[in-house]
Amino acid sequence: METVSRQSHWENVYTTKGENEVSWYQQSPAPSFELIMQAGATHASAIIDIGGGASRLVDHLVDHGFEDITVLDLSAAALEAARRRLESRADRVHWIVADATAWEPVKAYDIWHDRAAFHFLTDENDRAAYIARLARGVRAGGHAIIGTFALDGPEKCSGLPVARYDSASLTLALGSEFRLVDTRRHEHATPWGSRQMFQFSVFRREA
């Protein structure tokens, strides 16, 4: 999907639906936060949330004293919703409106977190572009935490097809620069009570 079409899609989603009217809404981003802490994050760690949208992970990171937080998303409306929710605390966060397949990282992060962005990249060229930026955007010894739909997860989300993964196929996709250090399944309950199976995998960026 072209960047403009992808951006238009997500702007429409976030301007027509409330925060808790989308399937990926979580009141508490416990799986993501737990894995960030397990990866050894400290208050000084540089953390980026790719496709963070209006997710409440940023609230948890701010409230727990993290000092270098970036949220990147295609949708300006999604980021504005998060900014409004955080009120004055939003000034502690770097906000970037960009496509992760086209954005150029200006620094290397300690933690790269992505819950449900990578699995929308069904085009091989888009995946390659994302992975190239992942390799530049994570420091040697840093970690990438990527959550996708599991092999038995939904085939579509928000009307779009997705690519489903297990830890082996995701490891193969990312390449030899990233070593798998943890993987776990997570059953996500949507706001209307249906269940979606996710696969969270943690990778260490090799030197």
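The legends below describe close-up views of a predicted model.

Local features are reported where pLDDT is at least 70, side-chain atom pairs count only at pLDDT 80 or more, and totals for chains, interfaces and linings use all residues. Residues are numbered from 1 along each chain as its sequence is written, and side-chain values use heavy atoms, with hydrogens and water left out.

**View A. Helix 6 (residues 167–174) and its buried residues.** Ser167, Leu170 and Leu174 are buried, where buried means under 20% relative accessible area and exposed over 50%, with partly exposed in between (1.4 Å probe, protein chains only). These residues lie on the same side of helix 6 because they cover an arc of only 65° around the axis, the arc being that of the directions from the helix axis to the C-beta atoms. On the other side of helix 6, Ala168 and Leu172 are exposed. Helices (H or I, at least four residues) and strands (E, at least two) are DSSP runs, numbered from the N terminus.

**View B. The ends of helix 6.** Asp166 caps the N-terminal end, with a side-chain oxygen 3.2 Å from the backbone nitrogen of Ala168, while Gly175, just after the helix, takes a positive phi of about 95°.

**View C. Strand 4 (residues 109–115) and its partners.**

How values were computed. A polar contact is a pair of N or O atoms within 3.5 Å; within protein, one must be able to donate a hydrogen and the other to accept it, and residues adjacent in sequence count only if both atoms are side-chain atoms. Two strands pair if DSSP finds at least two bridges between them.
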